[in-house]
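Hi,

Here is the model I promised to pass on.

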Amino acid sequence: MSRSAPSLVELLRQARERRAPLCEDPRTTAFRLVNGEPDGVPDVTVDVFEYLHVVSLYRDFTPDEERALLEAVESAWAPRGVYLKRRPKEARHLANVAKEQLAPEQAERGEPVESLVALENGLRFLIRPGQGLSVGLYLDMRDTRVWLAGQVRGLTVLNLFSYTCGFGVAATAGGAKRVLNVDASRRVLDWGEENARLNGQPVDRYDYVAGDVFEWLGRLARKGETFDVVVADPPSFATTRTSRFSAARDYAQLAEAAARVVAPGGRLVACCNLATLEPRRFEAMVTEGVSRAKRRGGGMLPLGPSPVDFPTSPSHPAALKVRVLELP
């Protein structure tokens with residue numbers, strides 16, 4: 001890296017100072033500590049979970065650059081444990097590259113951690129830092145989960161591409177009458193059940209469904225089953241035994257299928273984290289899909305990541321886009 005280690009240490013310390021409201025919040029111990037270029041550290045993010053730091057690299061760093069960065073992290077924050085993720089441009093390439101090279105199971109610095117529990121607005125989530133590129137919780141969705149929890153008391157919720165069921169846990173904590181979680185992976189759904197139990201929430205196996213999201217949306221529509229709130233938070237790219245999904249190509253199709261199972265007067269929460277998909281194009285795809293379902297959405301409510309730990313700049317806009325549509 002072109003900066004000397006001392007200047008990098010200072011940048012890291014300044015980044016932590018900007019997160020003071022989160023660092024001092026005892027109900028939230030999971031947040032982003034460095035968000036790349038807006039924090040003066042291009043191509044690097046650092047997420048903190050309790051005492052654990054997860055450093056992600058978004059270009060090919062030389063061994064010397066990695067070493068300098070990790071030494072600066074130790075000097076700036078003295079973390080108890082540091083895990084490293086070398087992220088390919090597209091996460092779907094993970095299977096084609098040595099997993100251990102991209103997401104080492106062992107800690108790069110400090111204590112090894114098999115799992116720990118981190119807090120988000122008082123809710124407990126199980127974090128497994130050595131499980132791959134994703135460790136159990138997407139931090140940019142924190143504010144959207146808070147919003148959802150405040151909207152669903154007494155309502156039914158469908159949580160698509162649920163991963164470890166962060167939205168499901170938040171919705172249940174907010175008083176949802178029922179939450180159905182759907183994901184292609186039984187492993188992450190089991191993880192989601194663990195998250196529910198950590199928060200003292202009842203677990204019904206029938207509400208943790210492993211399968212292709214599009215197949216399940218079709219099945220639910222044919223049965224006439226609808227939900228008051230449908231959350232669609234797909235990965236940018238996803239492959240199952242029967243289908244391939246690309247947010248840039250297929251989001252309109254997803255919005256159409258999801259809109260068909262939104263109850264009258266209900267809401268569709270459409271999420272996308274593909275940085276190269278412009279917000280206007282994303283909104284157009286969502287509107288197109290909803291109209292294909294022969295429905296007309298109300299005004300779009302924009303939601304997004306917290307500016308406290310996800311600052312932006314003109315050259316580094318927010319990748320996450322969340323739009324809420326009310327459907328008649």
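To start with the fold: which strands does helix 3 lie across? Helix 3 (residues 63-77) lies across strand 1, strand 2 (44-49), strand 3, strand 4 and strand 5, and it runs at about 150 degrees to strand 3. Helices (H or I, at least four residues) and strands (E, at least two) are DSSP runs, numbered from the N terminus. Contact means heavy atoms within 4.5 Å, and angles, from 0 to 180 degrees, are between N-to-C directions of lines fitted to C-alpha atoms, for helices over the stretch in contact.

Before you go further: this is a predicted model, where local features need pLDDT of at least 70 and side-chain atom pairs count only at pLDDT 80 or more, while totals for chains, interfaces and linings use all residues. Residues are numbered from 1 along each chain as its sequence is written, and side-chain values use heavy atoms, with hydrogens and water left out.

Five strands form an open sheet in the order 1-2-3-4-5, with mixed pairing (two strands pair if DSSP finds at least two bridges between them). Strand 1 (30-35) and strand 5 (109-110) are at the edges with a single partner strand each, so one side of each has no neighbour in the sheet. Strand 3 (residues 52-57) pairs with strand 4 (residues 81-86) in the parallel sense, over six bridges, and Leu52 stands opposite Gly81 in strand 4.

Next, helix 7 (residues 186-198). Its 13 residues reach 18 Å from first C-alpha to last, close to the 18 Å expected at 1.5 Å a residue (the expected span is 1.5 Å times one less than the number of residues). Among its buried residues are Val188, Leu189 and Trp191, buried being under 20% relative accessible area, exposed over 50% and partly exposed in between (1.4 Å probe, protein chains only). The cover over the buried residues of helix 7 includes helix 6 (166-173) and strand 9 (178-183). Gly200, with a positive phi near 70 degrees, follows helix 7.

Last, Ser315, which is in the loop between strand 15 (301-303) and strand 16 (321-326). Ser315 counts as exposed because its relative accessibility is 60%. Pro38 is 277 residues from Ser315 in sequence, yet the two are 8.6 Å apart in space, C-alpha to C-alpha.

Over to you!
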